[in-house]
Number of protein chains: 2
Amino acid sequence: MRYELYYWPGIQGRGEFVRLALEAADADYVDVARLSGRGKGVDAMLSLMNDGKLDHPPFAPPFLKTGKLVISHTANILDYLGPRLDLVPKAEHSRIWAHQLQLLVTDFLVEVHDTHHPVALALYYRDQKTEAKRRTRYFLSDRVPKYLDYFEDVCAANRGRMVGRALSYVDLSMFQLIEGLRYAFPKTTRKLEPRWPRLIALRDRVADVPRVAAYLASKRRIPFNENGIFRHYPELESR
Amino acid sequence: MRYELYYWPGIQGRGEFVRLALEAADADYVDVARLSGRGKGVDAMLSLMNDGKLDHPPFAPPFLKTGKLVISHTANILDYLGPRLDLVPKAEHSRIWAHQLQLLVTDFLVEVHDTHHPVALALYYRDQKTEAKRRTRYFLSDRVPKYLDYFEDVCAANRGRMVGRALSYVDLSMFQLIEGLRYAFPKTTRKLEPRWPRLIALRDRVADVPRVAAYLASKRRIPFNENGIFRHYPELESR
């Protein structure tokens, strides 16, 4: 196989942005940590991460192995895969722009994660619930509109796509963001969606791309759950 | 001039990582928002950001203008400047690796920022001090060692530099991280520094690079202060 993806097997998480790109492009890849057998599974992922002989050891999953190259950080992986999977226009200025948008997605995901973990990764959610409620209130009132309104403007200015004229990895990421927000914060998202008609239309078109639709209907698509980045804790959404 | 940097004029912040690269390479640039006059200053920055006619509007400073290109997001700007300023090796795999390290710096900076703003950007520090204390405790005990130990390992494996054999923008960023930690969390940093002998040696060598030393001694280097990312609030460090 051409690409080996390494990511936590039980969650969509950050890896999902890479999975969507690989699936939409029908790339030849394996999702190593989700397989069993020799050289597969989470153990294989961890031992590759901790392999002292690696030139460029990843700090954290996801990472992608292709030949001898090991690339980590979601946006970095997508920047590498984009031109190879035909998921970004070829011109340098378009690639820089797509990457910039993807880096904003990265920033936004940190903020999503910190709604349920505002104090420490090392603590359980239940041990930081008070802070989580307070943080989520501001996240939903200030940050979600700030990011999504910006993405909506970009999408509107570019005739319904994020970058270029064809499907890009940024379009796929917008799909995933909307799905995640709908899952984690259904009431707020329902209320805010009318602000983002272009993004919602883009989300619908992405869901209808045959390879994406096939992926979403398959067992390869892990359902959202409360170990991932987008978590549905109803108490965080209610005032 | 060749490059126009746009960033908040009163803080080092994220812009400092770009300033250090431009200064170390003796690049032909202007720090637009710090100048006064027609087409200069913060107003010029804000009006460029909000210029509806821009193809690729930035979400937030810093951004770099060069010719017609406007590039935002610190790591993205450095990825663009790196080869042009000779601050990264030319090979694609080295550039990907340098960028990956810089993206970790980005992640780390979010965590530094959130020590004093764990609830909301929209609130003053004093209105989230309780949460800030709790978050900082975990940040200093878990996160600082996790990131810095990793950077130390990278630096050790590469004979005292982060990437390649010559000064890179990642070396400059390591200098800035150490400076920031020393400013914001002097007690903890003093205690932890012996874990990072290679990084500290690298910091010292960067500080001695003549152009860097000249920059640091100049008025162009804004002092750390409590509006930036690294803030010294003594109460956050004491148990």
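Let's start with a pair of side chains: A:Arg221 and A:Glu16 meet in a salt bridge, 2.8 Å from N to O. By salt bridge I mean a side-chain nitrogen of Lys or Arg within 4 Å of a carboxyl oxygen of Asp or Glu. A:Arg221 sits in the loop between helix 9 (210-217) and helix 10 (234-237) of chain A, while A:Glu16 is in helix 1 of chain A, so this pair ties together parts that are 205 residues apart in sequence. Helices here (H or I, at least four residues) and strands (E, at least two) are DSSP runs, numbered from the N terminus.

A quick word on the model: it is predicted, so local features need pLDDT of at least 70 and side-chain atom pairs count only at pLDDT 80 or more, while totals for chains, interfaces and linings use all residues. Residues are numbered from 1 along each chain as its sequence is written, chains are lettered from A and ligands numbered from 1 in the order in which they are written, and side-chain values use heavy atoms, with hydrogens and water left out.

Back to A:Glu16. A:Arg19 also forms a salt bridge with A:Glu16, with the closest N and O atoms 3.1 Å apart. These two both lie in helix 1 (residues 15-24) of chain A, three residues apart, about one turn of the helix. Are A:Arg221 and A:Glu16 buried or exposed? Both are buried, and buried means under 20% relative accessible area, exposed over 50%, partly exposed in between (1.4 Å probe, protein chains only).

Now over to chain B. B:Glu23 and B:Arg220 form a salt bridge, their closest N and O atoms being 2.8 Å apart. B:Glu23 is buried, with a relative accessible area of 9%, whereas B:Arg220 counts as partly exposed at 40%.

Here is one I like: B:Asp79, in helix 3 (residues 74-84) of chain B. B:Asp79 is buried yet has no salt bridge; the nearest side chain of opposite charge, B:Arg95, is 4.9 Å away. For charge, Lys and Arg count as positive and Asp and Glu as negative; His and the chain ends are not counted.

Last, please look at helix 5 (residues 129-157) of chain A. At 1.5 Å a residue, its 29 residues should span 42 Å, and its end C-alpha atoms are 39 Å apart, which agrees. That expected span is 1.5 Å times one less than the number of residues. Helix 5 of chain A also bends by about 45° at A:Phe139, the bend being the angle between axes fitted to the seven residues ending there and the seven starting there.
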